[in-house]
Amino acid sequence: MLSNVTVLEVGERVATAYAGRLLRDLGATVVLLEPAAGVRLRTEEPAYAEALHAGKRSVTTARSAGLAGRVDVVVHDDAPASLELVRDLRTEDPTVVTVAVSDHGLDGPLAGVPASELTLEARAGICVVHPTGDRPPVPTGVDLGDLTAGAAAAQAVVTGLLSRDAGGTRTAA
């Protein structure tokens, strides 16, 4: 389905990695741009990282990999370096589709404020409360927020590609 699409994945979030994995599963070539030391997920949860990054090509700099002008999509987080890279790629190729994955959006009062899965689950009200009522809420036990955000990001990429190909905007979300 996406065999002619190249995706650049830039970020440290499970949601970003999951979006890239879903796009790879749909046939896209996914290139993971990671720091020289590797993404945190590889050291914090190696088995999870292996599953999410399977089949992706890993590079440490977009320029040295010759990706500028050859990338159709960028799925990224809200780190300043990610945002700068996206601006550069958009300048070089205004047709690139970009999708941002962040905890609280790219603007507004909480933009840039980090949050954990538990924090986001609590804010969303989905933490499970023990029936006895004498214990605090507990997390769901799965990265529900990250996986949902990643799936939404992958869907936004497909929507952005369809919109671009129909002559619309390059920004999906």
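Predicted model: local features only at pLDDT ≥ 70, side-chain atom pairs only at ≥ 80, totals over all residues.
Some context on the chain. It has 173 residues, of which 38% are buried. There are 6 helices and 5 strands, and along the sequence they follow the pattern β-α-β-α-α-β-β-α-β-α-α. If you take contacts between residues at least 6 apart in sequence, 63% of them join residues at least 24 apart. The accessible surface is about 9,100 Å², with 57% of that belonging to carbon and sulfur atoms.

Now to S1, residues 6-10. How many of its residues are buried? The count is 5 of the 5, so the strand is largely enclosed by the rest of the structure. Buried here means under 20% relative accessible area.

Next, the two faces. In a regular strand, side chains alternate between the two faces of the sheet. In S1, Thr 6, Leu 8 and Val 10 lie on one side, and Val 7 and Glu 9 on the other. Both faces are covered, and Glu 9 is buried along with the rest of that list.

Then the neighbours in the sheet. Which strands pair with S1? One is S2, residues 29-33, which runs parallel to S1 over 5 bridges. Another is S4, residues 73-76, also parallel, over 4 bridges.

To recap: S1 is buried at 5 of 5 residues, and it pairs in the parallel sense with S2 and with S4.

Conventions: Residues numbered from 1 in each chain as written. Heavy atoms only, no water. Buried < 20%, exposed > 50% of the residue type's maximum accessible area, 1.4 Å probe, protein only. Helix = DSSP H or I, 4+ residues; strand = E, 2+ residues; numbered from the N terminus. Pairing = 2+ DSSP bridges. Contact = heavy atoms within 4.5 Å. Areas by Shrake-Rupley, 256 points an atom, 1.4 Å probe, with all protein chains shown as cover.
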